[in-house]
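The sequence and the structure are shown first.

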Amino acid sequence: MIGIGKSKMYALVEKGAIRTRKIEGATIVLRSDLEAFLAALPVANDGDGEDEQ
């Protein structure tokens with residue numbers, strides 16, 4: 001879905017980078033929480049040698 005593996009997702013959840021919720025024992029990630037995490041990431045270099053500002 002977002003291009004990372006299960007173990008990386010678990011690690012991000014464990015360190016608190018991605019918020020989770022509990023519903024009847026199941027752990028879920030709200031779309032809005034995932035989108036907020038992704039939006040806060042730095043912009044990757046697009047390969048032209050200059051970083052985005």
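## Overall architecture

In what order do the elements of the protein run from the N terminus on? The order is α-β-β-α. The model is predicted, and the protein in it contains two helices and two strands.

Of the 53 residues of the protein, 9% count as buried. The accessible surface comes to about 4,700 Å², and carbon and sulfur atoms account for 52% of that surface.

## The buried side of helix α2

Helix α2 spans residues 31-40. Which of the residues in helix α2 are buried? They are Asp33, Leu34 and Phe37. These residues lie on the same side of α2, because they cover an arc of only 100° around the axis.

The cover over the buried residues of α2 includes α1 and β1. The face of α2 that is turned away from the buried side carries Arg31 and Ala39, which are exposed.

Aspartate 33 belongs to helix α2. Is aspartate 33 buried or exposed? Its relative accessible area is 12%, under the 20% limit, and aspartate 33 is therefore buried. When residues up to four places away in sequence are not counted, aspartate 33 touches Arg19 and Arg21.

How many salt bridges does the structure hold? It holds one salt bridge. The partners are arginine 21 and aspartate 33, and their closest N and O atoms are 3.0 Å apart. This pair links distant parts of the chain, with arginine 21 in strand β1 and aspartate 33 in helix α2, 12 residues apart. Arginine 21 has a relative accessibility of 31% and so counts as partly exposed, whereas aspartate 33, at 12%, counts as buried.

## The loops around strand β2

Where is glutamate 24 placed? Glutamate 24 is in the loop between β1 (21-23) and β2 (26-28). Its phi is positive, about 50°, although glutamate 24 is not a glycine. Glutamate 24 counts as exposed because its relative accessibility is 84%, and the cut-off for that class is over 50%.

The loop between β2 and α2 contains leucine 30. With a relative accessible area of 31%, leucine 30 is partly exposed. Leucine 30 and threonine 20 are 10 residues apart along the chain, and their C-alpha atoms are separated by 7.2 Å.

## A nonpolar surface patch

Which residues form a nonpolar patch on the surface? Ile2, Ile4, Leu38 and Leu41 do so, and together they have about 290 Å² of accessible area. One of these residues, Leu38, falls within the span of helix α2, residues 31-40.

Isoleucine 2 is located in the segment before α1 (6-14). Why does isoleucine 2 count as partly exposed? Its relative accessibility is 32%, and partly exposed residues are those between the 20% limit for buried and the 50% limit for exposed.

Conventions
Residues are numbered from 1 along each chain as its sequence is written. This is a predicted model: local features need pLDDT of at least 70, side-chain atom pairs count only at pLDDT 80 or more; totals for chains, interfaces and linings use all residues. Side-chain values use heavy atoms; hydrogens and water are left out. Patches are made of residues with over 30% relative accessible area and no salt bridge: like charges are joined within 9 Å, nonpolar side chains (Val, Leu, Ile, Met, Phe, Trp, Tyr) within 5 Å. Accessible areas come from the Shrake-Rupley method with a 1.4 Å probe; for residues, only the protein chains shown count as cover. A salt bridge is a side-chain nitrogen of Lys or Arg within 4 Å of a carboxyl oxygen of Asp or Glu. Helices (H or I, at least four residues) and strands (E, at least two) are DSSP runs, numbered from the N terminus. Buried means under 20% relative accessible area, exposed over 50%, partly exposed in between (1.4 Å probe, protein chains only). The arc is that of the directions from the helix axis to the C-beta atoms. Contact means heavy atoms within 4.5 Å.
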